[in-house]
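I begin by placing the structure on the page.

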Amino acid sequence: MREECGVLSLRLVFLLAVLLGLGFVAASPSRAQESAPDLSAPELESVYDPFQGMDKDGRIPKIDKAAYVERPDRWRYIPEGRIKPGNVFQRFLVSSFVVPLFFINQDVGTGFGLAFTDVDFRKQRRREFLGGFFSYTTEEQQSYVVRWRRWLKHMDIPGGGVLQEERSFVRAGGGFRKTLTRRFFGIGPSTQERQETSYTDSVAFVDIGIAKSLEGVLDDFVLESGVRGEGHWLDDGKVSGKPTTEELFPVLFEDADKTVLGWLTASLRWDTRDSQRNPYRGTAIGASTDAALGQTGGDIGAIYRIWGDQIFPLPGIFHDGGTATEEHPPTDSLAIHFETQLSSGDLPFFARPTLGGSRLLRGYIDGRWRDDALWIAAAEYRFWVVPRGFTIWRHIRIERLGAAVFYEVGSVAENGYGLFHERVRQSYGFSGRATIERAALFRLDFGFSEEGLNFSAGFGLSF
């Protein structure tokens, strides 16, 4: 494998913590209700019913959303059984989680950390999420990150439960990371695997943003915007047996070191998918711009992205597809994705369009291909193997288990015209999937290419 076991263990534990937390954050839709009063632990246990609004096998009976909202297909129902009252300690392992982290790797040392998530922050009936993720190693690799999100369209349902419109929210985050094992192979479509180098990237960042679905006849469109500030300080990398990036690419390294970037982001998409995070059907076509309008030295650069998704529902292999009377029946699907990116102006090497890693061209290591333009096409067959899941402990359930097979092609080039002439790279593989709720999907990808096997873990779909 291209990743060491220690780093993989960190990713797996870390992402599992995120899954257990963000999985419960799948809800929020337009009238906020007052927070539930504080109750003592015995009273909470006597009042709280973990299966209110759902069956004990995890099936969620469908409600009449049309009685409350104009576009019921845009809203997702969360039963009352997943909204436990009380403070952060009383809700532990239901809507608040603390997970210790421990890992060992020869490149980064022995590490310790903590992942904290509260998906009902400030007791807003799951309208707000707060997460904190912290780790430190004996070789001084560090990560301290805080994330917050509030959904803008949140509606309480008489009799219990809430509705959420997934596409409208505000977010904020910030932190500091010092990563000792960033990899760089050079710029261009013909770089060789033997050119692998590593560098340490210390980055401090803060970002805020908003996403909003439009109204009326334009309600299939979603507008997003945000600002992000980040500072990067580079140093020698710690990947065993590999030269440092500064040795092989001194000019690129010097230009990127001690760089501060101020980004302005904006995107617009036409989106008819039945879910933003785990769709079974529908179409999405979007365009976005990430503009680094403020940079050290006065440089200006931008990345422009155009993409499209198409998802087709298919008959189930290992299940019957559920029934029309449930909120979220298991559904197999075929997903197709196309994307192209172009950059302009001046950007540090680490900010240029890239292929490889956990999202695009997964058979290659993260950052394997970089240049000023790229394209990627992917197809993924997604299917559920255990459609009703199982109970882990008390109120904690795995909703369902599944898998996927994928095939991807793409390339990078120095400009858009060059994309028609450069060699096409291929990757293929398979993936394991697990969910706690529809919007909370955890995946393990095994991607293959001419350079071998690349393993990656991630929260959410790659597209």
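Is phenylalanine 112 buried or exposed, or does it count as partly exposed? I looked up its relative accessible area in this predicted model and found 49%, so phenylalanine 112 is partly exposed. The cut-off matters here, because exposed requires over 50%.

Entry on the aromatic pairs. I found 13 aromatic pairs in the structure. In one of them, the ring centres of phenylalanine 102 and phenylalanine 112 are 5.4 Å apart and the planes stand at 50°, so I recorded this pair as tilted. The label tilted follows because an angle over 60 degrees would be needed for edge-to-face and one under 30 for stacked. I then located the two partners: phenylalanine 102 belongs to strand 2 (residues 96-105) and phenylalanine 112 to strand 3 (residues 109-118). They are 10 residues apart, and the pair links distant parts of the chain. Phenylalanine 102 is also partly exposed, with a relative accessible area of 48%.

I next turned to phenylalanine 446 and phenylalanine 455. Their ring centres lie 5.0 Å apart with the planes at 55°, so this pair is tilted. For accessibility, I noted 21% for phenylalanine 446, which is partly exposed. Phenylalanine 455 has 6% relative accessibility and counts as buried. The two labels are separated by a cut-off, because buried means under 20%.

I also noted a cluster linked by ring pairs, formed by Phe184, Tyr199, Phe249, Phe349 and Phe350.

Entry on charges over rings. Which residue lies over the face of phenylalanine 406? I found arginine 362 there, at 3.8 Å from the ring centre. In a second case, arginine 400 lies over the face of tryptophan 384, at 5.7 Å from the ring centre.

Entry on a sheet. I recalled that strands of a sheet pair through backbone hydrogen bonds, either parallel or antiparallel. The sheet I looked up is open, has 3 strands in the order 1-7-6, and shows antiparallel pairing. Strand 1 (75-78) and strand 6 (154-156) are its edge strands, each pairing on one side only. Neighbouring strands of this sheet are turned by 25° against each other on average, direction ignored.

Terms used
Residues are numbered from 1 along each chain as its sequence is written. This is a predicted model: local features need pLDDT of at least 70, side-chain atom pairs count only at pLDDT 80 or more; totals for chains, interfaces and linings use all residues. Side-chain values use heavy atoms; hydrogens and water are left out. Rings of Phe, Tyr and Trp (its six-membered ring) pair if their centres lie within 6.5 Å; planes under 30 degrees apart count as stacked, over 60 as edge-to-face and the rest as tilted. Helices (H or I, at least four residues) and strands (E, at least two) are DSSP runs, numbered from the N terminus. Buried means under 20% relative accessible area, exposed over 50%, partly exposed in between (1.4 Å probe, protein chains only). A charge sits over a ring if NZ of Lys or CZ of Arg is within 6 Å of the ring centre and within 35 degrees of the ring normal. Two strands pair if DSSP finds at least two bridges between them. Axes are lines fitted to C-alpha atoms, for helices over the stretch in contact, and angles run from 0 to 180 degrees between N-to-C directions.
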